[in-house]
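Work through the exercises below with the sequence and the 3D model open. Each task is followed by a solution in steps.

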Amino acid sequence: MVKESRVDVLIIGAGPSGLMCANALAGAGVDFRIIDNRPVGVPAGQADGIQPRTIEVLQSYGLAEPLLKDGAQMHLCAFYNPGPNGGIERTGRAADVTAPTARYPFKITIAQSTIEALFIDSLKSQGVTVDRPIIPSSLEISDDSEELLNPSSYPVKVVLDHIVPSDTAPEQEIVHAKFVVGADGAHSWVRKTLGFSMDGEQSDYIWGVIDFVPDTNFPDIRNRTAIHSNNGSCMIIPREGDKVRFYLQMSDKDVMDPETGRIDKVKVTAENLIDVARKTFYPYTVNEPKEVDWCSIYIIGQRVASNFSAKNRVFIAGDACHTHSPKAGQGMNASMNDTHNLAWKLAQVLRGRADISLLKTYELERQKYAQDLIDFDREFSTLFSGKPRTSDNEEGVSHEQFLSAFQASGGFSSGIGVHYMPSAIVDATYQACAPSIIIGQRMLPQIFVRVADARPVEIHDMLPSDTRFKLLLFVGLLTSEQLAKVRRLAEDLQLPANFLQKYDYPAQGKAQSMFDIIPIAAGNKDDVNFLDIPPTFRTHWSKVLIDDTDVTGHLGGGAYERFGIDEKEITMVVVRPDGYIGMIAPSTALESMNKYFGSFLNVR
């Protein structure tokens, strides 16, 4: 008898993308299962770089601390090019992160297995484990349009094979799911089953990668370093502990079998990779490594899936929908941010609070991002893999050219510059109310001071990824006249026709209420009484803030001016559950706010 079960969300694949999704859904109290075809997680190697925006995202789930403690931090990038004596020489250094608004102005490197363990431990503490080893063998989506539009139906049928010891047949199970997330990697079974193509191209550049403890006299071995030499290029990535990673450009003769014209895996050994490094690093020496952790080889392929969802019921995420070169350090970051974007939308639709059409914004936002990422990666990889400019090769890539591309791409590569276009959940009509808080980008970090106890707080720490919309209410300079305006707004928002009453579902179990209100005053902390803020906006004493410095005079202040917000007005800033700005509006535009929320939320 084949076992049958029902689940709200089935996640296929327990890499960074699937685990991010599982952790977010667990926190939201969603009924889900996560399966993986590997008996254990990834042992060594694989992705290892965490970009500044991803650190912010992990912090919003309370998961960044161990990474900040144990990971290697990359603050500086060094550049080496061919010198006049046949070897390489340093031509410059620059900050590794060139995004000025990054809360964490560095990248972290740590093993993918450590990241996965972080999620797995978090899930375990919530009573969830990854079911493994399990392989899906068939997937069907209903064609019934009524069923597909009903979020409480189970229109996806997946047959799972439980892998058991080799002498017995696999046990089968049928799962009926409301939604399926395919986070099953670059060779995604889900993507192939849905018939989605991967569009793009493969380059001719072959790269080797090795993680090891080096013995070298190279002075920038603990900094991220881009080397262009006459013997190919190399990227150095410092790792946790004493380890480093080398990405090494390989020539055909290093790796090809001359008879078949194919890559000969036997030639890809740690010794061979170190030999290539020696030629690239001359006049510096690279001795026999003290310890080799992992090595591999890859050809750069840059591709994006033709679709990211099927009938708004089956979604693909991570490497299943985009692949690119590792040197720009995007893979794991893009993958985790895919499901960070999707999870809150699934949670709100499953609770019946949001219309199922909200899920269309996943493909809309993440497919465009993936395409932009591929375009960036193609340009960056070509520059990085290209021959350096020398007196013999005037057409080559100059240091200035590479450095300017490196710095121009800082906002993008750090993840800080991600900008979602106008849609049901991004409305840029009133951008002029706060010109520097860009609608469609993530909320800027900023230290404010709590009015009640003068404690400085980073606004990002008040925007956890808990599926709630945060309403930052910039109430201005609280003169008696302004306070009267604030009270009037509180009264208006109590009316049944306005969004706060219409869509603010109360908390139920793990499901939070829909809105979290944070009033932020201008002025001096000594002149403001937090009890003057009306109870509608003062949900807790710790949530009334002021744009002033702390008692040392060093932290906070200057936000109204920095954001371009008028102290005489009341400005409402809507931060989506994923930390991105959905809308900004003056207090006089309540009708626009009602329309914004009404376009994707269900009336309670």
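**Exercise 1.** What volume does the largest cavity have?

*Solution.* The model is predicted: local features need pLDDT of at least 70, side-chain atom pairs count only at pLDDT 80 or more, and totals for chains, interfaces and linings use all residues. Residues are numbered from 1 along each chain as its sequence is written, and side-chain values use heavy atoms, without hydrogens and water.

Step 1. A cavity is a set of points on a 1 Å grid over the protein atoms alone where a 1.4 Å probe fits but cannot get out. Grid points are joined across faces, edges and corners, and a volume is the space filled by probe spheres set on the points.

Step 2. Searching the whole structure gives three cavities of 30 Å³ or more. The volume of the largest cavity is about 110 Å³.

**Exercise 2.** Describe the lining of the largest cavity.

*Solution.* Step 1. Lining residues have an atom within 4 Å of a point. The largest cavity has 14 of them, and Arg53, Ser60, His460, Leu463 and Gly579 lie nearest its centre.

Step 2. Helix α2 gives the most to this lining, with five residues.

**Exercise 3.** How do α2 and α9 cross?

*Solution.* Step 1. Helices are DSSP runs (H or I, at least four residues), numbered from the N terminus. Here α2 covers residues 52–60 and α9 residues 331–350.

Step 2. Their axes, lines fitted to C-alpha atoms over the stretch in contact, come within 10 Å and cross at roughly 40°.

Step 3. Angles under 35 degrees count as roughly parallel, over 145 as roughly antiparallel, 65 to 115 as roughly perpendicular and the rest as oblique. Therefore α2 and α9 are oblique to each other.

Notes. Axes are lines fitted to C-alpha atoms, for helices over the stretch in contact, and angles run from 0 to 180 degrees between N-to-C directions. Helices (H or I, at least four residues) and strands (E, at least two) are DSSP runs, numbered from the N terminus. On a 1 Å grid over the protein atoms alone, a cavity is a set of points where a 1.4 Å probe fits but cannot get out, and a pocket is an open set with protein on both sides within 12 Å along at least five of seven lines; lining residues have an atom within 4 Å of a point.
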